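This report walks through a two-chain protein model.

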Amino acid sequence: MDIARNWRLRKQRYALEGEQCDHCKQYIFPPRDICPHCGEDARGVHAMSGKGEVYSYTVVHEPPTGYETQAPYAIALVKLEEGPLVTAQLTDIDAAEIKIGMPVEMVTRRLRTDGEEGVIQYGYKFRPILSAA
Amino acid sequence: MNGSAEIQAERKSNAPIMRPARKTGITGYGAYVPRYRLPGKEISRVWTEGNTPPIVPEKSVPGLDEDVVTMSIEAARNALARAGIAPQKIGAVWVGSESHPYAVKPTASIVGEAIGATPNLLAADWEFACKAGSEAMQAAMGMVGSGMIDYALILGMDAAQGRPGDALEYTAGAGGAAFLIGPAEEALAVIEASYSYATDTPDFWRRVGANYPSHGQRFTGEPAYFRHTLAAGRALLEATGTQPGDYRYAVFHQPNPKFPQRAAEALGFSMEQIKTGLLAPQIGNTYAGSALIGLTAVLDEAAPGDRILLVSFGSGAGSDAFQLTATGRLPERRTLAPGTGHYIARRKEIDYGVYVRYRGKLKM
């Protein structure tokens with residue numbers, strides 16, 4: 001597993017750190033050099049709230065290498081309340097309970113591990129919203 | 001158990017009550033319990049043909065993508081939400097656990113990074129069996145109380161291990177709590193005083209490289225749990241000049257439902273005082289999280305002015321005792337994150353086969 005690459009991505013993986021374009025004020029995730037909305041430089045760091053809704057989803061039964069022990073699992077396109085669409089696993093939910101449009105929130109979970117002795121990669125997944133007290 | 005001459009003598013000669021120069025308190029708190037529950041009758045079915053009555057009805061089980069790091073991050077976010085401070089103000093992140101995902105590589109630096117508290121940060125993992133989190137709380141009182149740092153985030157969190165078929169497997173649960181320790185003026189509960197009592201007592205241990213802990217069977221009771229819990233509780237009551245009747249709540253480490261009830265009774269506390277923080281029947285023994293998540297359940301309902309006694313226990317062995325008083329800030333702040341009861345109510349029952357898969361007990 002690419003240790004350096006995962007390390008560089010830790011802010012976006014742990015805290016959904018993206019950007020808000022200084023020019024057109026649109027929110028961007030994942031962060032990039034050029035704003036996809038207006039074509040200007042994208043610089044202003046902004047951590048997304050983590051709240052959003054399921055835009056679409058599918059259930060993976062034949063997982064790619066590294067995810068075998070987790071299947072079956074759901075992958076969703078999550079529409080963040082700030083606007084960006086994020087691809088992520090859904091967790092703490094049975095596939096039969098997933099509905100398009102359901103509100104979800106970001107949690108930090110184990111994404112995959114590099115074998116029994118390798119680095120553990122943590123990052124964002126989404127789950128049904130657990131309401132405050 | 002009601003106070004041998006030895007305990008009396010030790011206590012009288014050596015009961016320094018800890019109070020920092022600057023008063024500290026809990027300025028934010030958060031709980032976490034994973035979603036899955038394994039009924040005790042399932043363990044009994046698999047290992048004893050159903051002949052062993054379960055010690056607890058069910059215990060909490062972490063999902064495939066959960067460990068002490070992920071559970072700590074969520075509890076820490078809840079504590080921050082209640083405290084309402086910028087994470088950059090946190091000077092220390094200390095995680096107490098006996099199931100850190102790495103033997104070498106701190107849990108605390110991952111948690112600190114995830115909540116945005118890095119890089120001006122003292123980050124460390126603590127180990128003292130089930131009291132690793134409460135001793136971190138005492139150290140936090142010292143660091144914050146001396147003015148070295150303004151806030152310290154401490155956690156007691158475990159994905160507890162129990163050998164398949166062993167008595168511990170019935171109770172070894174998952175979950176815990178986070179507390180942001182800060183100045184008393186901002187506290188939801190002020191820490192009035194604390195005391196720690198430790199001896200070399202081999203009641204429960206896990207050697208390097210071993211997957212599961214071992215224990216001294218009945219030796220875990222009188223010379224370990226009861227001796228330390230009662231000595232710490234008595235010393236704190238005595239030194240602070242308080243009686244059990246002065247407390248609205250008491251929370252003890254809960255390896256099972258019976259031990260904390262007996263300890264409470266021996267110290268003069270009633271079932272009414274301990275029932276709110278007694279979560280072992282619903283989630284099992286969350287090891288380093290056990291006493292601390294009992295405290296979050298109490299903070300979820302305590303009224304301003306209510307006095308709380310907290311007594312942890314860690315095998316090996318020692319107890320940390322705390323006297324806390326809830327403040328007027330508690331009621332409005334508690335609503336800013338999910339309560340302990342929200343996590344306990346969120347449950348999906350699994351059978352022993354799924355438990356074996358989720359806990360990685362199958363070698364493939």
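A polar contact is a pair of N or O atoms within 3.5 Å; within protein, one must be able to donate a hydrogen and the other to accept it. By that rule, the side chains of B:Gln323 and B:Tyr247 make a polar contact of 3.2 Å. The model is predicted.

**B:Gln323 and its strand**

B:Gln323 sits in strand β13 of chain B. Is B:Gln323 buried or exposed? Its relative accessible area is 5%. The cut-off for buried is under 20%, so B:Gln323 counts as buried. Strand β13 (residues 316–326) of chain B is mostly covered too, with 10 of its 11 residues buried.

Set aside the neighbours within four places in sequence, and B:Gln323 still touches a list of residues. B:Val190, B:Ile191, B:Glu192 and B:Ala193 are among them.

**Partners of β13(B)**

β13(B) pairs with β8(B) in the antiparallel sense, over 10 bridges. In this pairing B:Thr201 stands opposite B:Gly316. β13(B) also pairs with strand β12 (residues 307–311) of chain B, again antiparallel, over 5 bridges. Here B:Arg307 has B:Thr325 as its bridge partner. A hairpin of 4 residues links β12(B) to β13(B).

Strand β8 (residues 189–201) of chain B holds B:Thr199. The side chain of B:Thr199 makes a polar contact of 2.6 Å with that of B:Thr201. B:Thr199 and B:Ile149 are 50 residues apart along the chain, and their C-alpha atoms are separated by 30 Å.

**A three-stranded sheet**

Chain B also has an open sheet of 3 strands, in the order β3-β2-β14, with mixed pairing. Why do β3 (58–61) and β14 (348–349) of chain B stand at the edges? Each has a single partner strand, so one side of each is left without a neighbour in the sheet. Strands of a sheet pair through backbone hydrogen bonds, either parallel or antiparallel.

Strand β2 (residues 36–39) of chain B runs parallel to β14(B), joined by 2 bridges. B:Tyr36 stands opposite B:Lys348 in β14(B). Helix α2 (residues 40–48) of chain B lies across β2, β3 and β14 of chain B. The helix runs at about 50° to β2(B).

| Strand pair | Sense | Bridges |
|---|---|---|
| β8(B) and β13(B) | antiparallel | 10 bridges |
| β12(B) and β13(B) | antiparallel | 5 bridges |
| β2(B) and β14(B) | parallel | 2 bridges |

**Where chain B meets chain A**

How many residues of chain B are in contact with chain A? There are 31, and they meet 28 residues of chain A. The area buried between the two chains is about 2300 Å². Carbon and sulfur atoms give 48% of that area. B:Arg35, B:Asp65 and B:Glu113 supply 24% of the area that chain B buries against chain A, more than any other three residues.

Charged pairs cross the interface: the rule finds 11 salt bridges there. One of the salt bridges joins A:Glu97 and B:Arg35, with the closest N and O atoms 3.8 Å apart.

Helices α3 (68–83), α4 (107–115) and α12 (340–345) of chain B each supply at least two residues of the side that touches chain A. The largest share, 5 residues, comes from α3(B).

Notes: Residues numbered from 1 in each chain as written. Chains lettered and ligands numbered in written order. Predicted model: local features only at pLDDT ≥ 70, side-chain atom pairs only at ≥ 80, totals over all residues. Heavy atoms only, no water. Pairing = 2+ DSSP bridges. Contact = heavy atoms within 4.5 Å. Axes fitted to C-alpha atoms, helices over the stretch in contact; angles between N-to-C directions. Buried < 20%, exposed > 50% of the residue type's maximum accessible area, 1.4 Å probe, protein only. Buried area = accessible area lost by both parts, 1.4 Å probe. Salt bridge = Lys/Arg side-chain N within 4 Å of Asp/Glu carboxyl O.
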